[in-house]
2 protein chains.
Amino acid sequence: MDIDLSPLRSALADASVDGYLIDADGSDSDQRYVSDFTAPDPYQTLVTTAPTSQSGGSSDPNGSGEIGGRRGVHLLVSGLEYGRARADATVDSIARRADFDYRDRVAEYGPQEGTVRTIAAFLESHDVESVAVPPSFPTGTADGLREQGISVTVESEGIVETEIRARKSEWEIEQIQSTQRANERAMAVAEELIATADVEDGVLVYDDDPLTSERVTTEIEIELLRNGCALDETIVACGADGADPHDRGSGALEADELIVIDIFPRDKETGYFGDMTRTFLRGVPSEEQRRRYDVTQRAYEAALEAVEAGVTGAAVHDVACDVIEDAGYETLRSDPTTETGYIHNTGHGVGLDIHEQPTVSPSGGELEPGHVVSIEPGIYDPAVGGVRIEDLVVVTEDGHRNFNEYGVYLEPRA
Amino acid sequence: MDIDLSPLRSALADASVDGYLIDADGSDSDQRYVSDFTAPDPYQTLVTTAPTSQSGGSSDPNGSGEIGGRRGVHLLVSGLEYGRARADATVDSIARRADFDYRDRVAEYGPQEGTVRTIAAFLESHDVESVAVPPSFPTGTADGLREQGISVTVESEGIVETEIRARKSEWEIEQIQSTQRANERAMAVAEELIATADVEDGVLVYDDDPLTSERVTTEIEIELLRNGCALDETIVACGADGADPHDRGSGALEADELIVIDIFPRDKETGYFGDMTRTFLRGVPSEEQRRRYDVTQRAYEAALEAVEAGVTGAAVHDVACDVIEDAGYETLRSDPTTETGYIHNTGHGVGLDIHEQPTVSPSGGELEPGHVVSIEPGIYDPAVGGVRIEDLVVVTEDGHRNFNEYGVYLEPRA
């Protein structure tokens with residue numbers, strides 16, 4: 001995928017530095033995005049301010065002639081990763097640590113300083129004497145480079161995430177759509193389990209064993225694996241568990257209780273996340289449970305309706321708060337100390353990170369075409385349980401496109 | 001679990017600093033280990049040099065009277081994590097960012113500087129004016145604290161990992177054993193698939209479809225999920241794929257080819273990893289495939305035999321190299337540039353990280369009781385394929401205890 005690093009380059013030029021340096025492994029999404037590469041161990045990506053290759057013979061490593069937005073992007077990798085980097089990463093140049101006498105430097109100065117001196121030599125080979133770095137850049141490397149005479153300053157705005165990664169390309173939108181399709185398949189597995197379970201003494205029972213949060217989670221995750229997705233955590237939270245948005249849930253699912261299911265898988269190959277939530281109730285909802293579901297659904301629909309380019313995330317959040325407050329429930333807007341009612345933001349960006357820019361929150365700035373955000377209002381109270389409904393959408397000029405096709409209803413269907 | 005932070009405190013006293021500060025999320029294993037807590041967003045852990053609480057009324061948060069080795073350990077968390085931290089983390093004190101006017105500081109200085117000023121106020125509340133930090137500590141926080149007049153120096157030895165986490169407690173050894181049991185169950189699933197597949201035109205076929213690396217990987221990972229484990233990657237690599245130790249493998253598995261299966265799951269609750277590898281061949285091995293398997297097995301047995309407290313990791317690595325070189329294959333010891341033969345180290349520490357200290361490599365120091373290391377020699381050549389055999393062991397005074405019971409043989413069994 002081609003990328004546009006010009007907002008970063010403008011900031012670098014304004015700051016009068018020679019380049020931007022990332023030192024992280026591929027779990028750092030800025031690193032993965034800028035480098036077009038991922039690896040389990042740390043490697044370094046340099047974006048030179050002037051996007052002309054300084055590297056001589058090693059440019060355009062995979063011979064595609066299509067470096068595009070990654071002209072002036074240079075990688076430093078271990079020998080173990082070199083072959084894969086050359087095959088995968090469409091960047092201006094790829095160097096091995098061995099090209100800068102890594103072994104000798106480590107033998108002389110130890111692993112920490114030896115590595116830093118290798119990075120310094122790599123920077124020197126690109127005529128870079130000053131770098132901006134992300135706030136997360138390791139202090140060991142920053143202080144070490146300073147000792148080698150290189151100026152290191154922190155770029156604290158997070159431009160790569162906020163200005164560059166936030167606007168998704170068509171290709172990225174397709175990847176997120178693909179993950180969200182897998183997500184809906186997994187949600188369907190969970191819904192069917194809940195819909196078809198027996199109810200014995202108020203507890204859901206499936207194949208003669210209690211249907212627990214853990215069992216449903218496992219079946220969700222198996223379906224995700226079969227669809228090429230990995231996952232860290234899944235929420236299947238019943239009753240009071242569901243009233244704490246961070247509680248993953250445990251134990252037997254109960255009839256007549258709200259069950260919040262929040263699934264956020266990541267495609268194993270592309271790294272792009274999906275995110276969706278549904279709330280189900282097996283049995284007979286109380287009047288208050290039903291009312292909270294309906295109010296949440298109206299807040300969700302109103303917030304979705306408000307999403308379009310040029311509107312701020314703060315304004316979309318306000319729309320959701322309006323609906324919930326009008327129905328008589330507290331929000332963090334009406335009472336910043338409330339522990340019940342609507343106690344979180346309306347949404348967040350989703351991409352290579354499950355939580356990224358922009359936010360649909362009191363501090364949310366203007367939405368732009370290509371922004372991908374969740375819309376996920378909810379109402380919580382340990383005495384009643386939790387309700388949350390969440391879709392994932394991409395912002396367009398005149399509205400949004402919803403990645404979800406899944407229906408919104410309280411009673412589960414087989 | 002109780003921990004012993006005295007090696008860290010000695011180093012802090014030697015460096016004449018007031019404390020040790022970690023700023024990371026729970027995916028940082030040092031953070032998780034020292035704080036007795038894990039969270040998806042960054043939080044801060046302070047270890048004061050003098051292990052007496054400076055925090056007044058908030059000590060012993062969960063009232064157990066059992067702070068033990070975490071006396072003088074203080075957490076700073078968001079309000080969202082505060083309740084869970086108080087329930088889970090047995091530390092000296094737990095503070096909320098709100099206790100230090102976080103919102104006001106962010107409103108006045110923005111999220112980056114506002115957060116740093118909140119951390120500075122937290123340090124001040126513990127009379128800490130100077131801190132050592134790990135090399136991975138974020139430069140944004142380090143430079144920001146320096147602007148607030150706090151001295152920040154990098155502790156580059158990695159004492160928490162090398163001196164403290166490397167020695168596992170009995171409780172940790174039990175957790176690793178539990179993960180390794182799940183690992184063996186998953187290996188058995190893979191072995192049975194390969195043993196019972198049909199062979200058609202030289203390709204393994206199962207239920208009328210080609211048995212691919214991806215299918216076997218999915219079945220391994222489903223078995224791990226059913227046993228409470230998560231996983232990032234699994235290697236099922238056949239033929240030439242298996243000759244690259246970093247290749248995860250893809251496509252149909254072939255008869256008469258070596259198949260390397262390397263599984264490294266992580267228990268979802270405890271975070272402790274397991275790690276094991278077996279190599280199978282369905283069909284008839286060539287003389288050279290058989291020979292390489294036998295040599296690898298002898299290297300593995302000899303290296304295991306050499307493991308005991310007081311022996312260096314380097315010496316164990318040499319034992320494996322001796323066997324492989326004596327059989328006529330290159331190693332990185334005999335030829336540092338070789339791309340075939342034995343092209344990696346003999347082992348690594350395993351715990352909260354899949355790769356941690358100590359190493360069983362040319363730079364491996366003295367093994368100590370409680371060290372948990374993999375023993376995993378191998379022989380590689382794209383023309384023949386790869387062989388690797390790996391068990392996980394804990395070092396004891398007079399030898400080792402092996403976490404594996406799985407047999408070592410080339411032909412898969414149903």
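Figure 1. A:Glu200 sits in strand β7 of chain A, which covers residues 198-200, where helices (H or I, at least four residues) and strands (E, at least two) are DSSP runs numbered from the N terminus. This is a predicted model, in which local features need pLDDT of at least 70, side-chain atom pairs count only at pLDDT 80 or more, and totals for chains, interfaces and linings use all residues. Residues are numbered from 1 along each chain as its sequence is written, chains are lettered from A and ligands numbered from 1 in the order in which they are written, and side-chain values use heavy atoms, with hydrogens and water left out. With a relative accessible area of 42%, A:Glu200 is partly exposed; buried means under 20% relative accessible area, exposed over 50%, and partly exposed in between (1.4 Å probe, protein chains only). Together with A:Asp198, A:Asp201, A:Asp207, A:Asp208 and A:Asp209, A:Glu200 forms a negative surface patch. Patches are made of residues with over 30% relative accessible area and no salt bridge, like charges being joined within 9 Å and nonpolar side chains (Val, Leu, Ile, Met, Phe, Trp, Tyr) within 5 Å.

Figure 2. Most residues other than glycine have a negative phi, and most peptide bonds are trans. A:Asp208, although not a glycine, has a positive phi of about 70 degrees, and its place is the loop of chain A between β8 (203-206) and β9 (209-210). The relative accessibility of A:Asp208 is 72%, so this residue counts as exposed. In chain B, B:Asp201 is likewise not a glycine and has a positive phi of about 55 degrees, within the loop between β7 (198-200) and β8 (203-206). B:Asp201 is exposed, its relative accessible area being 82%.

Figure 3. In chain A, the peptide bond joining A:Gln357 and A:Pro358 is cis, with an omega of about -5 degrees, and A:Pro358 lies in strand β16, residues 356-360. In chain B, the bond from B:Gln357 to B:Pro358 is cis with omega near 0 degrees, and B:Pro358 belongs to strand β16 (residues 356-360) of that chain.

**Figure 4. The salt bridge between A:Arg333 and A:Asp322.** Over all chains the structure holds 56 salt bridges, each being a side-chain nitrogen of Lys or Arg within 4 Å of a carboxyl oxygen of Asp or Glu. In one of them, the side chains of A:Arg333 and A:Asp322 meet at 2.6 Å, N to O. A:Arg333 lies in the loop between α10 (313-326) and β15 (347-349) and A:Asp322 in helix α10, so the pair ties together parts of chain A that are 11 residues apart in sequence. A:Arg333 is partly exposed at a relative accessible area of 35%, and A:Asp322 is partly exposed at 34%.

Figure 5. B:Arg165 forms a salt bridge with B:Glu356, the closest N and O atoms being 2.6 Å apart. This pair links distant parts of the chain, 191 residues apart, with B:Arg165 in helix α6 (residues 159-165) and B:Glu356 in strand β16. Both B:Arg165 and B:Glu356 are buried. Another salt bridge brings together the side chains of B:Asp262 and B:Arg388 at 3.0 Å, N to O. Here the linked parts are 126 residues apart, B:Asp262 being in strand β12 (residues 258-263) and B:Arg388 in strand β19 (residues 385-388) of chain B. B:Asp262 and B:Arg388 are both buried. In chain A, salt bridges that share partners join A:Asp30, A:Arg165, A:Lys168, A:Asp353 and A:Glu356 into one network.

Figure 6. Chain A has 414 residues, of which 56% are buried, and its secondary structure comes to 10 helices and 21 strands. For residues 180-397 of chain A, UniProt lists "domain: Peptidase M24" in an unreviewed entry, and such annotations may be inferred rather than shown by experiment.

Terms used. Areas by Shrake-Rupley, 256 points an atom, 1.4 Å probe, with all protein chains shown as cover. Lys, Arg positive; Asp, Glu negative; His and termini not counted. Charge placed at Lys NZ, Arg CZ, Asp CG, Glu CD.
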